[in-house]
Amino acid sequence: MPDSMDKGHKESHDYRILNDAELITDIKWQAIINNDPAYNNEFFYAVKSTGIFCKPSCKSRVPKKENVCIFPNAEQALLANFRPCKRCKPTNEYLPDTEWVELITEYIDKNFTEKLTLESLANICHGSPYHMHRTFKKIKGITPVEYIQQVRVNAAKKYLVQTNKAIGDIAACVGIANAPYFITLFKKKTGQTPAQFRQRSKMEEKYNG
Ligand SMILES: [Zn+2]
């Protein structure tokens with residue numbers, strides 16, 4: 001029994017050396033998964049996909065391991081252009097609201113083709129949905145959901161003018177699986193259906209070209 005346990009342990013250790021390039025040890029990864037405050041003075045972890053760094057104790061969603069970088073202190077994480085998490089405040093200061101909203105905006109711009117909800121966005125951007133909704137609206141004048149819709153409609157306009165893709169395909173390309181909902185949203189935002197918008201811009205092109 002002890003023999004086989006030993007063997008198992010050794011194998012996972014070797015695996016780690018080969019694949020994780022000593023960037024993140026099992027001990028550190030366990031500290032992150034368990035939100036262990038005992039490690040708060042030992043290291044900080046940054047998440048490449050969000051640009052945010054945290055204390056090990058942060059209660060934010062556990063990131064994908066391959067996106068995590070480890071820093072011995074907050075200064076180095078800042079130097080590497082990561083921004084402090086709003087929730088665990090690794091520099092013991094608040095991230096200014098404008099910077100936080102900028103971060104959320106960037107995330108939406110890059111990921112609007114994926115399924116995005118206020119909850120998932122808040123989770124990824126380290127805040128509560130309610131607080132994010134309010135702060136975003138205060139800074140940008142529209143809610144995060146309205147911003148997502150705006151980005152999607154703008155992207156759809158490009159597809160309508162520059163491609164011959166079917167309306168349903170365009171809906172899917174901009175992150176809206178439900179085509180009738182896409183048409184309703186597009187009309188609400190632009191005053192035209194996607195088909196009307198496409199037709200009108202083709203006409204304009206004809207006259208102007
Ligand atoms: Zn955090």
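Two residues are in contact if their C-beta atoms, placed from the backbone, lie within 7 Å. The model shown in these views is predicted.

View 1. Leucine 121 sits in helix α5. Beyond its neighbours within four places in sequence, leucine 121 is in contact with Ile104, Leu116, Met132 and Pro144. Isoleucine 104 is 17 residues away along the chain, yet its C-alpha atom and that of leucine 121 are separated by 7.8 Å. Leucine 121 has 21 other C-beta atoms within 10 Å; 20 or more make a residue buried, so leucine 121 is buried.

**View 2. The open sheet of four strands.** The 4 strands run in the order β3-β1-β2-β4 and form an open sheet with mixed pairing. Its edge strands are β3 and β4, each of which pairs on one side only. Strand β1, residues 44-47, pairs with β3 in the antiparallel sense over 4 bridges. In that pairing, phenylalanine 44 stands opposite phenylalanine 71 of β3. β1 also pairs with β2, again in the antiparallel sense, over 3 bridges. Here valine 47 stands opposite isoleucine 52 of β2.

**View 3. The two faces of strand β3.** Strand β3 covers residues 68-71, and its side chains alternate. Val68 and Ile70 point to one face and are buried.

**View 4. The largest nonpolar core.** This core has 16 residues. Those with the most contacts inside it are Phe44, Tyr45, Ala46, Ile52, Phe53, Cys54 and Cys85. Two or more residues come from each of α2 (26-33), β1, β2 (52-54) and β3. β1 gives the largest share, 4 residues. Another core lies apart from this one, with 12 residues, among them Ile104, Ile124, Met132 and Phe136.

**View 5. The surroundings of phenylalanine 44.** Residues up to four places away in sequence are not counted here. Phenylalanine 44 touches Phe53, Cys54 and Lys55, and also Phe71, Asn73, Ala74, Ala77 and Pro90. Phe44 is among the residues with the most contacts inside the largest nonpolar core.

**View 6. Helix α7 and what covers it.** Helix α7 spans residues 144-162. At 1.5 Å a residue, its 19 residues should span 27 Å; the end C-alpha atoms are 27 Å apart, so the two values agree. The buried residues of α7 are Pro144, Tyr147, Ile148, Arg152, Val153, Ala156 and Leu160. An α-helix has 3.6 residues a turn, so residues three or four places apart point the same way. The cover over the buried residues of α7 includes α4 (97-111), α5, α6, α8 (167-173), α9 (179-190) and α10 (194-208).

**View 7. Asparagine 81, a positive phi in a loop.** Asparagine 81 lies in the loop between α3 (74-79) and β4 (83-84). Its phi is positive, about 70 degrees, although asparagine 81 is not a glycine. Asparagine 81 has 8 other C-beta atoms within 10 Å; 12 or fewer make a residue exposed, so asparagine 81 is exposed.

**View 8. Histidine 126, a positive phi in a buried setting.** Histidine 126 lies in the loop between α5 (118-124) and α6 (129-140). Its phi is positive at about 60 degrees, and histidine 126 is not a glycine. With 25 other C-beta atoms within 10 Å, histidine 126 is buried.

Conventions: Residues numbered from 1 in each chain as written. Predicted model: local features only at pLDDT ≥ 70, side-chain atom pairs only at ≥ 80, totals over all residues. Pairing = 2+ DSSP bridges. Core = buried A, V, L, I, M, F, W, Y, C linked by C-beta atoms within 7 Å. Expected span 1.5 Å × (residues − 1).
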